[in-house]
Amino acid sequence: RATFDDFEYTVPMSVLPTPAQPVLINANRAGSSFSFQFNSQSGFVYTTEYKDVLGQPSWNFLSATNGTGGVVTVTDSLAAGVQRFYRVRTF
């Protein structure tokens, strides 16, 4: 609430829900393809990123998926290396 001389304005505040942290499940590698799943929440966007080396300064975009309230599957069809690190960010 702010007061400026004869003017008063109240700013409405709302608390946004906090999404649950995604937990990766059902990881599967078949040839050069790697897939995994996680539970999602409706109303959130999940962005999957990867690195081939953890020391790399930035993450590479893989996909963006709208939460459905159910299980979401992410597939990386170019995962041919010996290792790759993934993270899922929620917006």
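Phe-38 and Tyr-46 are both buried, where buried means under 20% relative accessible area, exposed over 50% and partly exposed in between, with a 1.4 Å probe and protein chains only. Before I go on, this is a predicted model, in which local features need pLDDT of at least 70, side-chain atom pairs count only at pLDDT 80 or more, and totals for chains, interfaces and linings use all residues. Residues are numbered from 1 along each chain as its sequence is written, and side-chain values use heavy atoms, with hydrogens and water left out.

Now the aromatic pairs. There are four of them in the structure. For one, the rings of Phe-34 and Phe-36 have centres 6.0 Å apart and planes at 45°, so this pair is tilted. Rings of Phe, Tyr and Trp (its six-membered ring) pair if their centres lie within 6.5 Å; planes under 30 degrees apart are stacked, over 60 edge-to-face, and the rest tilted. The pair of Phe-38 and Tyr-46 is tilted as well, because the planes are at 50°, with the centres 5.1 Å apart.

Phe-34 is buried at 19% relative accessible area, and Phe-36 is buried at 2%. Together with Tyr-86, Phe-34 and Phe-36 form one aromatic cluster. What does Tyr-86 touch, leaving aside residues up to four places away in sequence? The list is Phe-34, Phe-36, Thr-48, Glu-49, Tyr-50, Trp-59, Leu-62, Asp-76 and Ala-79, with contact taken as heavy atoms within 4.5 Å.

Next, the core. The largest nonpolar core has eleven residues, including Phe-34, Phe-36, Phe-38, Tyr-46 and Tyr-86. Such a core is a set of buried Ala, Val, Leu, Ile, Met, Phe, Trp, Tyr and Cys residues joined through side-chain atoms within 4.5 Å. Strands S4 (33–39), S5 (45–51), S7 (71–76) and S8 (85–90) each supply at least two of the core residues, and S4 gives the most, with three. Strands here are DSSP runs (E, at least two residues), numbered from the N terminus.

Last, the surface. Val-23, Ile-25 and Val-71 form a nonpolar patch with about 240 Å² of accessible area together. Val-23 lies in the loop between strand S2 (7–9) and S3, and counts as exposed because its relative accessibility is 57%.

Asn-26 is in strand S3, residues 25–30. Is Asn-26 buried or exposed? Exposed, because the relative accessibility of Asn-26 is 51%. Asn-26 also has a positive phi of about 50°, although it is not a glycine.

Key. Helix = DSSP H or I, 4+ residues; strand = E, 2+ residues; numbered from the N terminus. Patch = residues over 30% accessible without salt bridge, like charges linked within 9 Å, V, L, I, M, F, W, Y side chains within 5 Å. Areas by Shrake-Rupley, 256 points an atom, 1.4 Å probe, with all protein chains shown as cover. Salt bridge = Lys/Arg side-chain N within 4 Å of Asp/Glu carboxyl O.
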